[in-house]
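Here are some exercises to work through with the model open beside you. Try each task yourself before reading the solution.

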2 protein chains.
Amino acid sequence: MPRSATTADVFNAVAEPRRREILGLLARGERSVNDVAGSLRVNQPQASKHLKVLKEVGLVRMRGSGQQRLYSLNAAALKPIHDWVMTFAQFWGESYDRLDEYLQELQEQEKQHARKK
Amino acid sequence: MPRSATTADVFNAVAEPRRREILGLLARGERSVNDVAGSLRVNQPQASKHLKVLKEVGLVRMRGSGQQRLYSLNAAALKPIHDWVMTFAQFWGESYDRLDEYLQELQEQEKQHARKK
DNA sequence: TTGATATATTCCCGCATGGGAATATAATAC
DNA sequence: GTATTATATTCCCATGCGGGAATATATCAA
(Lines give C-alpha, C1' and ligand atoms only; values in the text may rest on other atoms or scores of the structure.)
Protein backbone atom coordinates (compact mmCIF):
# COMPACT_ATOMS: atom_id res chain seq x y z
CA MET A 1 0.00 0.00 0.00
CA PRO A 2 1.48 3.36 -0.99
CA ARG A 3 1.46 6.59 0.93
CA SER A 4 -1.95 8.06 1.65
CA ALA A 5 -3.33 10.41 -0.95
CA THR A 6 -2.92 14.09 -0.20
CA THR A 7 -6.68 14.30 -0.35
CA ALA A 8 -7.09 11.50 2.17
CA ASP A 9 -7.45 13.88 5.11
CA VAL A 10 -6.44 17.29 6.41
CA PHE A 11 -3.15 16.05 7.81
CA ASN A 12 -1.99 14.91 4.41
CA ALA A 13 -3.30 17.96 2.59
CA VAL A 14 -1.45 20.26 4.94
CA ALA A 15 1.84 18.39 4.81
CA GLU A 16 2.70 20.30 1.65
CA PRO A 17 4.32 23.66 2.52
CA ARG A 18 2.81 25.55 -0.38
CA ARG A 19 -0.65 24.52 0.65
CA ARG A 20 0.00 25.90 4.11
CA GLU A 21 1.11 29.14 2.49
CA ILE A 22 -2.10 29.25 0.51
CA LEU A 23 -4.12 28.82 3.68
CA GLY A 24 -2.14 31.59 5.32
CA LEU A 25 -2.88 33.86 2.41
CA LEU A 26 -6.57 33.04 2.36
CA ALA A 27 -6.71 33.74 6.09
CA ARG A 28 -6.43 37.38 5.09
CA GLY A 29 -9.38 37.18 2.75
CA GLU A 30 -10.91 35.66 -0.31
CA ARG A 31 -8.64 35.48 -3.36
CA SER A 32 -8.86 34.54 -7.00
CA VAL A 33 -6.66 31.80 -8.40
CA ASN A 34 -4.39 34.29 -10.10
CA ASP A 35 -4.08 36.31 -6.92
CA VAL A 36 -2.94 33.21 -5.13
CA ALA A 37 -0.57 32.25 -7.92
CA GLY A 38 0.89 35.76 -8.02
CA SER A 39 1.33 36.15 -4.28
CA LEU A 40 3.02 32.80 -3.92
CA ARG A 41 5.13 33.06 -7.09
CA VAL A 42 3.69 29.87 -8.44
CA ASN A 43 2.27 29.42 -11.89
CA GLN A 44 -1.43 29.20 -12.42
CA PRO A 45 -1.85 25.46 -12.98
CA GLN A 46 -0.04 24.60 -9.74
CA ALA A 47 -2.18 27.07 -7.87
CA SER A 48 -5.30 25.46 -9.32
CA LYS A 49 -4.10 22.00 -8.39
CA HIS A 50 -3.21 22.91 -4.82
CA LEU A 51 -6.54 24.66 -4.39
CA LYS A 52 -8.29 21.58 -5.69
CA VAL A 53 -6.65 19.44 -3.04
CA LEU A 54 -7.55 21.94 -0.33
CA LYS A 55 -11.12 22.05 -1.56
CA GLU A 56 -11.43 18.28 -1.57
CA VAL A 57 -10.57 18.10 2.12
CA GLY A 58 -12.84 21.03 2.95
CA LEU A 59 -10.12 23.50 3.88
CA VAL A 60 -11.26 26.05 1.32
CA ARG A 61 -14.54 27.05 -0.23
CA MET A 62 -15.02 28.30 -3.77
CA ARG A 63 -17.51 30.61 -5.38
CA GLY A 64 -17.69 31.88 -8.93
CA SER A 65 -17.71 35.57 -9.72
CA GLY A 66 -17.70 36.22 -13.43
CA GLN A 67 -14.82 34.37 -14.93
CA GLN A 68 -13.03 34.29 -11.61
CA ARG A 69 -13.20 31.63 -8.95
CA LEU A 70 -12.80 33.10 -5.52
CA TYR A 71 -11.39 30.85 -2.85
CA SER A 72 -11.82 31.41 0.85
CA LEU A 73 -10.55 29.72 3.96
CA ASN A 74 -12.62 27.26 5.94
CA ALA A 75 -10.49 27.15 9.05
CA ALA A 76 -12.93 24.90 10.90
CA ALA A 77 -11.57 22.02 8.85
CA LEU A 78 -8.28 22.43 10.72
CA LYS A 79 -9.88 21.44 13.97
CA PRO A 80 -8.87 17.78 13.74
CA ILE A 81 -5.25 18.89 13.68
CA HIS A 82 -5.82 21.32 16.50
CA ASP A 83 -7.54 18.73 18.63
CA TRP A 84 -4.86 16.17 17.98
CA VAL A 85 -1.93 18.42 18.71
CA MET A 86 -3.60 19.72 21.88
CA THR A 87 -3.54 16.17 23.18
CA PHE A 88 0.18 16.70 23.66
CA ALA A 89 0.14 20.22 25.03
CA GLN A 90 0.58 18.93 28.56
CA PHE A 91 4.16 18.00 27.67
CA TRP A 92 5.22 21.47 26.63
CA GLY A 93 6.44 22.85 29.86
CA GLU A 94 5.47 25.67 32.11
CA SER A 95 4.15 28.14 29.57
CA TYR A 96 1.31 25.77 28.88
CA ASP A 97 0.37 24.90 32.40
CA ARG A 98 -3.05 26.45 32.17
CA LEU A 99 -3.93 24.73 28.94
CA ASP A 100 -5.32 21.66 30.64
CA GLU A 101 -7.65 23.77 32.63
CA TYR A 102 -8.67 25.61 29.50
CA LEU A 103 -9.31 22.41 27.56
CA GLN A 104 -11.41 20.99 30.37
CA GLU A 105 -13.56 24.09 30.24
CA LEU A 106 -13.96 23.57 26.53
CA GLN A 107 -15.07 20.00 27.09
CA GLU A 108 -17.60 21.14 29.65
CA GLN A 109 -19.01 23.62 27.19
CA GLU A 110 -19.32 20.92 24.56
CA LYS A 111 -21.10 18.59 26.97
CA GLN A 112 -23.59 21.28 27.81
CA HIS A 113 -24.08 21.92 24.15
CA ALA A 114 -24.72 18.23 23.53
CA ARG A 115 -27.20 18.06 26.41
CA LYS A 116 -29.27 20.84 24.94
CA LYS A 117 -29.99 18.84 21.78
CA MET B 1 9.68 17.05 -8.09
CA PRO B 2 7.96 14.31 -6.09
CA ARG B 3 6.16 14.60 -2.81
CA SER B 4 8.26 15.67 0.17
CA ALA B 5 9.93 12.92 2.11
CA THR B 6 8.14 11.84 5.26
CA THR B 7 11.30 12.79 7.11
CA ALA B 8 11.32 16.25 5.58
CA ASP B 9 9.58 17.82 8.56
CA VAL B 10 7.13 17.13 11.36
CA PHE B 11 4.11 17.85 9.20
CA ASN B 12 5.02 15.11 6.77
CA ALA B 13 6.03 12.65 9.47
CA VAL B 14 2.72 13.08 11.22
CA ALA B 15 0.57 12.78 8.12
CA GLU B 16 0.73 9.02 8.49
CA PRO B 17 -2.04 7.79 10.83
CA ARG B 18 -0.02 4.98 12.34
CA ARG B 19 2.72 7.35 13.31
CA ARG B 20 0.17 9.48 15.12
CA GLU B 21 -0.99 6.36 16.92
CA ILE B 22 2.57 5.62 17.94
CA LEU B 23 2.95 9.10 19.36
CA GLY B 24 -0.30 8.69 21.24
CA LEU B 25 0.96 5.46 22.72
CA LEU B 26 4.33 6.90 23.68
CA ALA B 27 2.53 9.79 25.36
CA ARG B 28 1.65 7.28 28.06
CA GLY B 29 5.25 6.28 28.57
CA GLU B 30 8.39 4.79 27.16
CA ARG B 31 7.92 1.58 25.17
CA SER B 32 10.03 -1.01 23.45
CA VAL B 33 9.65 -1.66 19.75
CA ASN B 34 7.77 -4.88 20.37
CA ASP B 35 5.45 -3.15 22.82
CA VAL B 36 4.62 -0.63 20.14
CA ALA B 37 4.19 -3.29 17.49
CA GLY B 38 1.96 -5.35 19.77
CA SER B 39 -0.22 -2.47 20.93
CA LEU B 40 -0.79 -1.23 17.42
CA ARG B 41 -1.18 -4.67 15.83
CA VAL B 42 1.58 -3.99 13.40
CA ASN B 43 4.47 -6.30 12.72
CA GLN B 44 7.87 -5.53 14.08
CA PRO B 45 9.62 -4.25 10.93
CA GLN B 46 6.88 -1.68 10.26
CA ALA B 47 7.09 -0.50 13.84
CA SER B 48 10.86 -0.10 13.51
CA LYS B 49 10.47 1.83 10.27
CA HIS B 50 7.84 4.19 11.62
CA LEU B 51 9.91 4.80 14.72
CA LYS B 52 12.89 5.55 12.56
CA VAL B 53 10.96 8.26 10.72
CA LEU B 54 9.73 9.72 13.99
CA LYS B 55 13.24 9.72 15.38
CA GLU B 56 14.65 11.45 12.31
CA VAL B 57 12.31 14.40 12.76
CA GLY B 58 12.95 14.51 16.49
CA LEU B 59 9.50 13.40 17.63
CA VAL B 60 10.85 10.46 19.60
CA ARG B 61 14.00 9.71 21.52
CA MET B 62 15.62 6.31 21.83
CA ARG B 63 17.74 4.68 24.48
CA GLY B 64 19.09 1.17 24.67
CA SER B 65 18.36 -1.11 27.58
CA GLY B 66 19.83 -4.53 27.15
CA GLN B 67 18.66 -5.88 23.87
CA GLN B 68 15.68 -3.57 23.88
CA ARG B 69 15.43 -0.10 22.42
CA LEU B 70 13.11 2.06 24.43
CA TYR B 71 11.39 4.89 22.60
CA SER B 72 9.90 7.91 24.28
CA LEU B 73 7.93 10.89 23.12
CA ASN B 74 9.53 14.27 22.51
CA ALA B 75 6.36 16.31 22.30
CA ALA B 76 8.23 19.60 22.01
CA ALA B 77 8.90 18.70 18.39
CA LEU B 78 5.18 19.11 17.75
CA LYS B 79 5.33 22.80 18.53
CA PRO B 80 5.69 23.89 14.89
CA ILE B 81 2.36 22.25 14.16
CA HIS B 82 0.82 23.75 17.26
CA ASP B 83 2.07 27.22 16.42
CA TRP B 84 0.91 26.97 12.84
CA VAL B 85 -2.57 25.71 13.64
CA MET B 86 -3.00 28.34 16.36
CA THR B 87 -2.57 30.97 13.67
CA PHE B 88 -6.08 30.02 12.57
CA ALA B 89 -7.72 29.68 15.95
CA GLN B 90 -9.33 33.08 15.60
CA PHE B 91 -11.62 31.62 12.94
CA TRP B 92 -13.07 28.89 15.10
CA GLY B 93 -16.10 30.58 16.52
CA GLU B 94 -17.36 31.32 19.97
CA SER B 95 -15.93 28.38 21.88
CA TYR B 96 -12.50 29.76 21.17
CA ASP B 97 -13.17 33.37 21.94
CA ARG B 98 -10.79 33.41 24.86
CA LEU B 99 -7.97 31.86 22.91
CA ASP B 100 -6.74 35.18 21.55
CA GLU B 101 -6.52 36.52 25.05
CA TYR B 102 -4.72 33.39 26.14
CA LEU B 103 -2.24 33.53 23.28
CA GLN B 104 -1.47 37.16 23.98
CA GLU B 105 -0.65 36.22 27.53
CA LEU B 106 1.66 33.55 26.22
CA GLN B 107 3.41 36.09 24.02
CA GLU B 108 3.84 38.40 26.97
CA GLN B 109 5.40 35.62 28.96
CA GLU B 110 7.81 34.86 26.15
CA LYS B 111 8.80 38.49 25.83
CA GLN B 112 9.55 38.66 29.55
CA HIS B 113 11.52 35.49 29.24
CA ALA B 114 13.54 36.94 26.38
CA ARG B 115 14.21 40.13 28.33
CA LYS B 116 15.69 38.20 31.20
CA LYS B 117 18.46 36.78 29.04
C1' DT C 1 30.03 -21.82 21.02
C1' DT C 2 25.09 -22.41 20.20
C1' DG C 3 20.46 -20.79 20.78
C1' DA C 4 16.99 -17.49 21.67
C1' DT C 5 15.16 -12.97 21.70
C1' DA C 6 14.97 -8.01 20.12
C1' DT C 7 15.56 -4.85 16.66
C1' DA C 8 17.06 -3.01 12.15
C1' DT C 9 17.76 -3.36 7.27
C1' DT C 10 17.12 -4.77 2.58
C1' DC C 11 14.55 -5.87 -1.52
C1' DC C 12 10.29 -5.79 -3.78
C1' DC C 13 5.96 -3.74 -5.57
C1' DG C 14 2.00 -0.66 -6.94
C1' DC C 15 1.03 3.85 -6.79
C1' DA C 16 0.19 8.88 -5.83
C1' DT C 17 3.03 12.67 -5.96
C1' DG C 18 4.43 17.96 -7.40
C1' DG C 19 6.21 20.36 -11.07
C1' DG C 20 6.62 21.50 -16.10
C1' DA C 21 4.42 22.08 -20.35
C1' DA C 22 0.74 22.10 -23.24
C1' DT C 23 -3.97 22.21 -23.88
C1' DA C 24 -8.86 22.43 -22.73
C1' DT C 25 -12.83 24.78 -20.82
C1' DA C 26 -15.30 28.85 -19.27
C1' DA C 27 -16.70 33.51 -19.22
C1' DT C 28 -16.37 38.11 -20.73
C1' DA C 29 -15.68 41.87 -24.34
C1' DC C 30 -16.03 43.50 -28.92
C1' DG D 1 -19.07 35.25 -34.64
C1' DT D 2 -13.59 36.34 -32.85
C1' DA D 3 -10.38 37.72 -29.29
C1' DT D 4 -9.03 37.86 -24.63
C1' DT D 5 -8.83 36.72 -19.96
C1' DA D 6 -9.39 33.28 -16.06
C1' DT D 7 -9.23 28.79 -14.62
C1' DA D 8 -9.01 23.73 -14.96
C1' DT D 9 -7.28 19.52 -16.91
C1' DT D 10 -4.21 16.33 -19.09
C1' DC D 11 0.15 14.10 -19.96
C1' DC D 12 4.75 13.43 -18.60
C1' DC D 13 8.51 12.19 -15.33
C1' DA D 14 11.48 10.96 -11.27
C1' DT D 15 10.99 9.94 -6.75
C1' DG D 16 9.71 8.22 -2.23
C1' DC D 17 6.12 5.94 -0.21
C1' DG D 18 4.08 1.84 3.13
C1' DG D 19 3.50 -2.88 3.47
C1' DG D 20 5.15 -7.77 2.89
C1' DA D 21 8.74 -10.96 3.24
C1' DA D 22 13.13 -12.28 4.14
C1' DT D 23 17.34 -11.45 6.18
C1' DA D 24 20.87 -9.10 8.92
C1' DT D 25 22.56 -7.33 13.27
C1' DA D 26 22.71 -7.08 18.25
C1' DT D 27 22.35 -8.61 22.88
C1' DC D 28 21.73 -11.80 26.34
C1' DA D 29 21.74 -16.83 28.38
C1' DA D 30 23.60 -21.28 29.17
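**Exercise 1: two helices in chain B**

Task: find how helix H2 (residues 17-26) of chain B and helix H4 (residues 44-56) of chain B pack, and which residues meet.

Solution. Start with the geometry: H2(B) and H4(B) pack at an angle of about 80 degrees, and their axes are 10 Å apart. Axes here are lines fitted to C-alpha atoms, for helices over the stretch in contact, with angles running from 0 to 180 degrees between N-to-C directions. Helices (H or I, at least four residues) and strands (E, at least two) are DSSP runs, numbered from the N terminus. The two helices are therefore roughly perpendicular to each other, a label for angles of 65 to 115 degrees.

Next, list the contacts (heavy atoms within 4.5 Å). From H2(B), B:Arg18, B:Arg19, B:Ile22, B:Leu23 and B:Leu26 meet B:His50, B:Leu51, B:Val53 and B:Leu54 of H4(B). Sorted by type, the residues of this contact are six nonpolar, one polar and two charged.

A word on the source: this is a predicted model, where local features need pLDDT of at least 70, side-chain atom pairs count only at pLDDT 80 or more, and totals for chains, interfaces and linings use all residues. Residues are numbered from 1 along each chain as its sequence is written, chains are lettered from A in the order in which they are written, and side-chain values use heavy atoms, leaving out hydrogens and water.

**Exercise 2: the sheet of chain B**

Task: work out in what order the three strands of chain B form their open sheet.

Solution. The order is S1-S3-S2, with antiparallel pairing; two strands pair if DSSP finds at least two bridges between them. At the edges are S1 (31-32) and S2 (60-65) of chain B, each pairing on one side only. H4(B) lies across S2 and S3 of chain B and runs at about 120 degrees to S2(B).

Then look at one pair closely: S2(B) and S3 (residues 68-73) of chain B are joined over six bridges. For B:Val60, the bridge partner in S3(B) is B:Leu73.

**Exercise 3: a tyrosine in chain A**

Task: decide whether A:Tyr71 is buried or exposed.

Solution. First locate A:Tyr71, in strand S3 (residues 68-73) of chain A. Its relative accessibility is 8%, so A:Tyr71 counts as buried (under 20% relative accessible area, 1.4 Å probe, protein chains only). Finally, check its surroundings: A:Ser32 is 39 residues away in sequence but 6.1 Å away in space, C-alpha to C-alpha.

Conventions:
Parallel < 35°, antiparallel > 145°, perpendicular 65-115°, else oblique. Nonpolar A, V, L, I, M, F, W, Y, C, P; charged D, E, K, R; others polar. Buried < 20%, exposed > 50% of the residue type's maximum accessible area, 1.4 Å probe, protein only.
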